[in-house]
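Please keep the sequence and the three-dimensional view at hand while going through the numbered points.

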Amino acid sequence: MKQPKVFVIGGGASGIMAAISAKRNGANVTILERNSRIGKKILATGNGRCNYSNKDATKKDYNHPEFVDVVFDAFGPEHTIRFFESLGIVPKVEDLGKVFPMSEQASSILDVLMYELDYRGVNVVCDALVQKIVRKIDSYTIFLADGTQFDADSVIIATGGKAMPKSGSDGIGYRLAESLGHHTTKVFPALVKLTLESPYLKHLDGVKFPGTVDLIHHQEVIQSEVGDILFTKFGISGPTILQLSRKANALLTEGEKVSIRIHLVSSLTKEDLELRLKIAEEKPIDFSLIGLINKRIISALLKEVGIEKQNTLVKDLRPIEIERLKSRLFNWDFPVTGFKGFDDAQVTAGGIDISEINPLTMESRLNPGLFFTGEVIDIDGLCGGYNLQWAWSSGYLAGRFASGRIHHD
Ligand SMILES: Cc1cc2nc3c(=O)[nH]c(=O)nc-3n(C[C@H](O)[C@H](O)[C@H](O)COP(=O)(O)OP(=O)(O)OC[C@H]3O[C@@H](n4cnc5c(N)ncnc54)[C@H](O)[C@@H]3O)c2cc1C
């Protein structure tokens, strides 16, 4: 029987998975990658450790839960962890279900994938920038920037979104899809640092502390995260902020106003705090806060509540100053002015409209034989292994179904 010719555009996480899956299902598979090697972004993931899955990932962790649910039914976190185990990766599960390779090296993930591609006989063509895809009656012609052409029974668009463009994902995949009649929803950076309006940023730059942080919209808390918070010279970062950024950025791009509320002493009650201040009555206020919050925040906090003379004894503070201080320790609001760009973002929110893709197969509803995987689709998840999980799941399905198509001359 003639082997179907499957071409995967993009050798990132989802494209590599799609290629392995298509090859295991009997297709003749070629990856076309614009870089001089595949998997560049994988090496940068999880701070070089590759948080390749989240064992607790479910549909609710993504922007289009019902679509993801169908895909995870076919190939979810459990399948993924088993798949990587079969390639030789021993999983190490950390807090909040995050899964890393036991080697703690992202390169191990790429190494085992490359071994599998080679072992199965997948063709990998690098320095191959795909510029055009033309649909014929029941097949496709792919054109590279250097003029080379390939004929394919199925094409899998695995070009990623726009996050970290220097890794090769600069949004060209949207144009390829649009040229075939697809639509792209609004795209914006997600899992990214936020910029804040505050006179204290220069002073707070580099201060990292654990705490609770809320995202506020119309005076209401719309998301809350606990963990590390990091001030930078332009705003705020850290795992908590990355998690909030998706919702914040969606509102900001709609012209809505949002702010970040920091709880510096979330583990204390109001009574605990009052007792502490009472015990420290004879001491200067700046000194009495030392055991409570990061030392570098104290001066900004006292300025914020209007206590100019920072060594004022606690007992000499006016009741209004004490009240303001207590209130800011529990709730300190910073208006969000914006977010950093795609260069800094871990993921792209938005992408190819999911209504044009069948979640059972990842095949286009507009073009039979055209498939999509990973971040190029309008699917994004939380920070913590969820986006690579999506890449593997969607890649697996696309590869499997793309291999079922044969074009008869
Ligand atoms: C710094 C950083 C850290 C991250 N850490 C994690 C993490 O620990 N856990 C997690 O779950 N997620 C993480 N992510 C997100 C995750 O890496 C991505 O969601 C995932 O890699 C997307 O896979 P993809 O295959 O869709 O796209 P990509 O990995 O972006 O791959 C797309 C590939 O297509 C190629 N390409 C693009 N256009 C063309 C073209 N026209 N012709 C040929 N080739 C083309 C690109 O060069 C690239 O190799 C991180 C992201 C970043 C930026």
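Predicted model: local features only at pLDDT ≥ 70, side-chain atom pairs only at ≥ 80, totals over all residues.

1. Helices and strands. A helix here is a DSSP run of H or I that holds at least four residues, and helices are numbered from the N terminus. Lys 247 belongs to one such run, helix H8, which covers residues 239–253.

2. The chain as a whole. The protein chain contains 13 helices and 21 strands. Along the principal axes, its C-alpha atoms fill a box of roughly 90 × 40 × 35 Å. The chain has 409 residues, of which 54% count as buried.

3. Which residues come nearest to the ligand? Of the 35 residues around it, these are Ser 14, Glu 33, Lys 41, Glu 375 and Leu 388. Sorted by class, the shell consists of 14 nonpolar, 17 polar and 4 charged residues. Helix H1 (13–24), helix H2 (40–44) and helix H13 (386–402) each provide at least two residues of this shell. The largest share, 4 residues, is that of H13.

4. The side chain of Glu 33 places an N or O atom 2.6 Å from an oxygen atom of the ligand.

5. Aromatic pairs. The structure holds 14 aromatic pairs. One of them joins Phe 7 and Phe 150: the ring centres are 5.2 Å apart and the planes meet at 40°, so the pair is tilted. The reasoning rests on the cut-offs, because planes under 30 degrees apart would count as stacked and those over 60 as edge-to-face. Phe 7 lies in strand S1 (residues 5–9) and Phe 150 in strand S9 (residues 149–152), so the pair ties together parts that are 143 residues apart in sequence. Both Phe 7 and Phe 150 are buried.

6. A cluster of rings. Which residues do ring pairs link into a cluster? The members are Tyr 52, Phe 75, Phe 83, Phe 84, Trp 392 and Tyr 396.

7. Charges over rings. The charged end of Arg 49 sits over the ring of Phe 100, at 3.9 Å from the ring centre. In a second case, Lys 132 lies over the face of Phe 143, and the distance to the ring centre is 4.7 Å.

8. Positive phi angles. Asn 47 is not a glycine, yet its phi is positive, at about 55°. Asn 47 is placed in the loop between H2 and strand S3 (53–54). Is Asn 47 buried or exposed? Its relative accessibility is 79%, and Asn 47 therefore counts as exposed. Glu 104, likewise a residue other than glycine, has a positive phi near 60°. The loop between strand S5 (98–101) and helix H5 (106–120) contains Glu 104. With 30% relative accessibility, Glu 104 counts as partly exposed.

9. Asn 54. This residue lies in strand S3. Asn 54 counts as buried because its relative accessibility is 1%, and the cut-off for buried is under 20%. What does the side chain of Asn 54 reach? It reaches the backbone oxygen of Leu 96 at 2.9 Å. A polar atom of the Asn 54 side chain also lies 2.9 Å from the backbone nitrogen of Asp 56.

10. Parts apart in sequence. Lys 247 and Ala 349 are separated by 102 residues in sequence, while their C-alpha atoms are 10.0 Å apart in space. Lys 247 is partly exposed, with a relative accessible area of 37%. Glu 116, in helix H5, is buried, with a relative accessible area of 7%. Between Glu 116 and Ala 19 there are 10.0 Å from C-alpha to C-alpha, and the two are 97 residues apart in sequence.

Definitions and conventions
Residues numbered from 1 in each chain as written. Heavy atoms only, no water. Near = heavy atom within 4 Å. Polar contact = N/O pair within 3.5 Å; in protein donor to acceptor, adjacent residues only side chain to side chain. Nonpolar A, V, L, I, M, F, W, Y, C, P; charged D, E, K, R; others polar. Phe/Tyr/Trp six-rings, centres within 6.5 Å; stacked < 30°, edge-to-face > 60°. Buried < 20%, exposed > 50% of the residue type's maximum accessible area, 1.4 Å probe, protein only. Lys NZ or Arg CZ within 6 Å of the ring centre and 35° of its normal.
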